[in-house]
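Please keep the sequence and the model in view while reading.

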Amino acid sequence: MLSTPENYCSAANDASPTATVIAAEDDLIRYLRQHAELIVKGAYDIPADWRYRSQYHLLLALGRRFAPTPRPEGLIGMPDRLCYSNSAQYAKEHQEEGLVYAEGFALTHAGLDFYLPHAWTVRPDGTVLDPTWDDEPGRAYVGIAVTDPRLWPFDGGGILQDFDRMLPVLRDGFPHNALADLGRPLADGLAQGQAPTPKR
């Protein structure tokens, strides 16, 4: 289902998440699938030649699971509610360490349990370094890791949330080699069902 797309560039991944994290990721993937199915049932008028019906379909086709890890000692959190620009800026400042910008949906900290559109950075081993949220065990991250800094939303808004950025991606997909083969495929640990296929 999620063989490496041609626009991914490969990198090592040896993150080994706990059963709690995998269960949270599975729930988040089910949430994305439910939204994708609602869009299909709603029969939204999407042009036939568009690559994906919605950001949910895109994430189910290209998304990866990213393992949360504790925040490095000394990292001071960046401003709340600015996750897209925070993550783009942090990835830019730490490119020499192999960090890349990532975006998708994440589970908020324990006790709140909301799935929110979110952005973070990803290390070469596929683990999360979140410059906006304090990491806690059990948080789930599902999204895409974007290697091309020209696509990073330094001004905020996100790639999959900002209307002007999202529409070209839904219509045409990502440029060749724009996404990193980091994290784990969505099929790893998913309890049941298949993701809706992208509209071709």
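**Charged pairs, helices and surface**

In this predicted model, Asp181 has a relative accessibility of 12% and therefore counts as buried, the cut-off being under 20%. Its partner in a salt bridge is Arg64, with the closest N and O atoms 2.7 Å apart. Because Asp181 lies in strand S7 (residues 179-181) and Arg64 in strand S2 (residues 64-66), the pair ties together parts that are 117 residues apart in sequence. Arg64, at 5% relative accessibility, also counts as buried.

The whole structure holds 8 salt bridges, and another of these joins Arg184 to Glu25, whose closest N and O atoms are 2.5 Å apart. Here strand S8 (residues 184-185) supplies Arg184 and helix H1 (residues 19-41) supplies Glu25, so that parts 159 residues apart in sequence are tied together. Arg184 counts as buried at 8% relative accessibility, and Glu25 counts as buried at 0%. Both residues belong to a network of salt bridges that links Glu25, Asp26, Arg65 and Arg184.

Arg165 and Asp155 form a salt bridge with an N to O distance of 2.3 Å. Since Arg165 lies in helix H4 and Asp155 in the loop between strand S6 (141-146) and H4, this pair ties together parts that are 10 residues apart in sequence. Arg165 is partly exposed, with a relative accessible area of 24%, while Asp155, at 63% relative accessibility, counts as exposed.

Helix H4 (residues 163-172) also has buried residues, namely Met166, Val169 and Leu170. They lie on the same side of H4, because the arc they cover around the axis is only 100°. In an α-helix, residues three or four places apart point the same way, because there are 3.6 residues a turn. The buried residues of H4 pack against helix H2 (55-62), and just after H4, Gly173 adopts a positive phi of about 80°.

As for H2 itself, 8 of its 8 residues are buried, so this helix is largely enclosed by the rest of the structure. At the start of H2, a side-chain oxygen of Ser54 comes to within 3.2 Å of the backbone nitrogen of Tyr56.

Taken over the chain, 52% of the 200 residues count as buried.

Conventions:
Residues numbered from 1 in each chain as written. Predicted model: local features only at pLDDT ≥ 70, side-chain atom pairs only at ≥ 80, totals over all residues. Heavy atoms only, no water. Buried < 20%, exposed > 50% of the residue type's maximum accessible area, 1.4 Å probe, protein only. Helix = DSSP H or I, 4+ residues; strand = E, 2+ residues; numbered from the N terminus. Arc of directions from axis to C-beta. Contact = heavy atoms within 4.5 Å. Polar contact = N/O pair within 3.5 Å; in protein donor to acceptor, adjacent residues only side chain to side chain. Salt bridge = Lys/Arg side-chain N within 4 Å of Asp/Glu carboxyl O.
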